[in-house]
Amino acid sequence: MTLQQLRYAMVVAQTGSMNKAAESLFISQPTLTNTIRGLEEESGITIFNRTNKGVNLTGEGSDFLFYAKKVCDQYDQLIWRYDGKGNTRKIFSVSTQHYSFVCEAFSDTVKNYDASTYHFSILETTTSKIIEDVSSSVSEIGVLFLSDFNKEALKKLFVDNALTYKKIVSCRFYVYLGKNHPLADRDIIDYEDITKYPLLTYEQGKDSPLYMAEEIFGEQDYPYTIKVSDRASMLQIMNKLNGFTFCSGAVRGAVGWSDYKVIPLRESAHLPYSSMEIGYIHKDGLSEIGKRFVEELYKAAPSEE
């Protein structure tokens with residue numbers, strides 16, 4: 001099987017249609033169909049179910065493309081890193097949930113290195129993508145949170161992907177809201193009061209399991225929930241609709257943070273657990289710059305509760 005076959009299959013999966021995939025790839029539909037059929041014959045599995053409404057992945061196909069994407073990502077990294085002139089680019093990438101202290105640690109790390117000899121990237125993304133990025137070496141380090149609800153499932157994924165997890169800090173729970181929110185003058189907020197307002201959460205992808213949620217209490221059922229894909233959208237909607245989100249309290253230093261407030265959440269019988277921790281994952285031994293970044297993470301992290 002070839003990289004071209006794998007890339008074609010990923011486009012078919014993304015579009016859910018042979019015709020749409022062929023159009024986006026600028027090839028004929030029969031050529032694409034024959035390519036996918038050849039890939040299925042060579043792999044010995046049925047990757048796609050064909051229906052009158054399009055195509056969708058089989059269970060085996062979903063598993064196959066998970067590994068196919070890893071192969072393609074690593075190939076792309078290889079081509080990018082070696083420029084054909086004997087020069088090797090140094091790469092340092094971090095994948096993370098949406099934490100401002102991670103951005104602070106990343107910035108403090110980067111300024112200690114020669115940017116002309118490095119390619120730096122920080123990717124704020126979904127929980128599953130963080131695990132995928134680190135396991136496929138797209139990123140050296142991933143930063144995410146664990147709670148009593150998600151830790152068993154996530155730690156199993158870490159083991160399955162040969163990833164090491166290390167705790168950075170344990171945190172209490174806070175409510176993150178605009179400074180003009182009706183509850184912004186409280187010293188502490190009750191769960192029953194705040195859940196009368198819109199809860200803002202980060203989109204984790206279609207059919208993502210509850211334990212992939214980035215926010216604590218992601219498994220709870222809320223009457224009014226709005227999903228967003230980026231931090232800027234969350235903050236704007238938070239102000240416009242008197243929304244809120246749950247967080248670790250580590251928002252000081254974030255762009256525009258003075259327009260928002262972080263208020264402790266009171267423990268109650270409605271809350272299934274009372275603590276969370278933020279940690280990082282990595283695959284193999286850390287590079288010099290990876291170790292420096294971890295040091296900066298511990299410096300920038302919120303205080304241990």
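Residues are numbered from 1 along each chain as its sequence is written, and side-chain values use heavy atoms, without hydrogens or water. In this predicted model, local features need pLDDT of at least 70 and side-chain atom pairs count only at pLDDT 80 or more, while totals for chains, interfaces and linings use all residues.

**View 1. The largest pocket holds about 990 Å³ of space.** Among its 23 lining residues, Leu57, Ser62, Phe66, Ser128 and Glu132 are the closest to the centre. Helices α1 (3-15), α4 (59-81) and α6 (127-135) each give two or more residues to the lining. By class, you will find ten nonpolar, eight polar and five charged residues there. On a 1 Å grid over the protein atoms alone, a pocket is an open set of points where a 1.4 Å probe fits, with protein on both sides within 12 Å along at least five of seven lines, and lining residues have an atom within 4 Å of a point. Helices are DSSP runs of H or I with at least four residues, and strands are runs of E with at least two.

**View 2. Glutamate 132 and lysine 69 meet in a salt bridge, 3.1 Å from N to O.** Because glutamate 132 sits in α6 and lysine 69 in α4, the pair ties together parts that are 63 residues apart in sequence. Glutamate 132 is buried at 13% relative accessible area, whereas lysine 69 is partly exposed at 26%. Salt bridges with shared partners join Lys69, Asp73 and Glu132 into one network. A salt bridge here is a side-chain nitrogen of Lys or Arg within 4 Å of a carboxyl oxygen of Asp or Glu; buried means under 20% relative accessible area, exposed over 50%, and partly exposed in between (1.4 Å probe, protein chains only).

**View 3. Helix α10 (residues 288-300) carries both glutamate 296 and lysine 299.** Their side chains form a salt bridge of 3.8 Å, N to O, and the two residues are three apart, about one turn of the helix. Glutamate 296 is buried at 7%, while lysine 299 is exposed at 63%.

**View 4. Strands β8 (residues 199-202) and β9 pair in the parallel sense.** Four bridges link them, and pairing calls for at least two bridges found by DSSP. Lysine 227 in β9 is the bridge partner of threonine 201.

Key. Grid points are joined across faces, edges and corners, and a volume is the space filled by probe spheres set on the points. Ala, Val, Leu, Ile, Met, Phe, Trp, Tyr, Cys and Pro count as nonpolar, Asp, Glu, Lys and Arg as charged, and the others, Gly among them, as polar.
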